[in-house]
Amino acid sequence: NYLLDHNNILGSLVAGRPFQEILDGLNQKAEKHSTGMMSSILILDQSKKFLRYGSAPSLPAEYIKKTNQVFLGPNEGSCGTAAFLKCMIITEDIALDPRWEKYRAAALTAGLRACWSTPIFDFAGDVLGSFASYYTQPRKPSPSEIQLIKTSANFAALAIQNFKVQNDLKNY
């Protein structure tokens with residue numbers, strides 16, 4: 001059950017589980033609800049110029065290595081473009097989407113054909129990162145999959161903000 005999974009994530013947050021465990025759990029729970037989904041959470045670097053992987057438990061390691069630093073911009077795949085434009089980007093076919101020119105070879109070599117990404121926002125509406133789902137076939141999302149992505153991004157926002165607050169307290 002989708003609601004139960006999200007309650008478990010909230011419970012992990014409240015219980016102070018490790019940040020990595022929460023992000024990995026969030027991806028694994030999202031993947032359960034969309035057949036063939038491989039999801040990722042990218043987090044905006046402190047410089048606010050690029051995204052780095054926070055979690056991508058199911059994506060091929062070689063693809064992660066080749067895309068470990070995604071800049072924000074209009075032609076930075078689905079994630080960099082979503083974070084730059086502050087809106088959901090749906091790439092139904094990576095082979096045909098001009099926004100994927102820079103990352104196309106890495107994606108296709110890894111067998112990735114579709115990618116839908118939404119920005120992760122903090123309470124003030126600033127971008128914290130992106131939540132993405134990848135598929136091995138060209139396809140577009142159903143309304144329930146769009147809702148899944150948005151909800152997952154909201155939970156990722158809570159986890160990232162919680163992590164930042166904890167770090168700020170430690171540094172203080």
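Q: What is the relative accessible area of Arg-99?
A: Welcome to this model, which is predicted. Buried residues fall under 20% and exposed ones over 50%, with partly exposed in between. Arg-99 counts as partly exposed, because its relative accessible area is 24%.

Q: Which residue meets Arg-99 in a salt bridge?
A: The side chain of Arg-99 has a salt-bridge partner at 2.9 Å, N to O.

Q: How many salt bridges does a search of the whole structure find?
A: Another joins Lys-102 and Glu-76, whose closest N and O atoms are 2.8 Å apart. For the whole structure, the search gives six.

Q: How far apart in sequence are the parts that Lys-102 and Glu-76 tie together?
A: These two residues form a salt bridge. Lys-102 lies in the loop between strand 4 (89-91) and helix 5 (104-109), while Glu-76 lies in the loop between strand 3 (70-71) and helix 4, so the parts tied together are apart in sequence by 26 residues.

Q: Does Glu-76 count as buried or exposed?
A: To count as buried, a residue needs a relative accessible area under 20%. Glu-76 has 11% relative accessibility, so it counts as buried.

Q: Which residue forms a salt bridge with Asp-93?
A: In this pair the closest N and O atoms are 2.9 Å apart. Asp-93 lies in the loop between strand 4 and helix 5, and its partner in the loop between helix 5 and strand 5, so the pair ties together parts that are 20 residues apart in sequence.

Q: Which helix gives the most to the lining of the largest pocket?
A: The largest pocket has a volume of about 260 Å³. Two elements, strand 1 (38-44) and helix 6 (143-171), each supply at least two residues of its lining. With four residues, the one that gives the most is helix 6.

Q: How many charged residues does the lining of the largest pocket have?
A: Residues lining this pocket include Phe-19, Asp-45, Lys-48 and Arg-52. By class, five residues of the lining are nonpolar and two are polar, while the number of charged ones is four.

Q: What is the volume of the largest cavity?
A: The structure holds two cavities of 30 Å³ or more. Among the residues closest to the centre of the largest one are Tyr-63, Cys-79 and Trp-100. Its lining divides into nine nonpolar, three polar and one charged residue. The volume of this largest cavity is about 80 Å³.

Q: Is Phe-123 buried or exposed?
A: Phe-123 sits in the loop between strand 5 (114-121) and strand 6 (127-135). Together with Leu-10 and Leu-158, Phe-123 makes a nonpolar surface patch of about 310 Å². The cut-off to pass is over 50%. Phe-123 has a relative accessible area of 73%, so it is exposed.

Q: What distance separates the C-alpha atoms of Asn-8 and Asn-154?
A: Asn-8 belongs to helix 1 (residues 2-14) and is partly exposed, with a relative accessible area of 39%. Along the chain, Asn-8 and Asn-154 are 146 residues apart, and their C-alpha atoms are separated by 14 Å.

Note on methods. Residues are numbered from 1 along each chain as its sequence is written. This is a predicted model: local features need pLDDT of at least 70, side-chain atom pairs count only at pLDDT 80 or more; totals for chains, interfaces and linings use all residues. Side-chain values use heavy atoms; hydrogens and water are left out. Patches are made of residues with over 30% relative accessible area and no salt bridge: like charges are joined within 9 Å, nonpolar side chains (Val, Leu, Ile, Met, Phe, Trp, Tyr) within 5 Å. Accessible areas come from the Shrake-Rupley method with a 1.4 Å probe; for residues, only the protein chains shown count as cover. A salt bridge is a side-chain nitrogen of Lys or Arg within 4 Å of a carboxyl oxygen of Asp or Glu. Buried means under 20% relative accessible area, exposed over 50%, partly exposed in between (1.4 Å probe, protein chains only). On a 1 Å grid over the protein atoms alone, a cavity is a set of points where a 1.4 Å probe fits but cannot get out, and a pocket is an open set with protein on both sides within 12 Å along at least five of seven lines; lining residues have an atom within 4 Å of a point. Grid points are joined across faces, edges and corners, and a volume is the space filled by probe spheres set on the points. Ala, Val, Leu, Ile, Met, Phe, Trp, Tyr, Cys and Pro count as nonpolar, Asp, Glu, Lys and Arg as charged, and the others, Gly among them, as polar.
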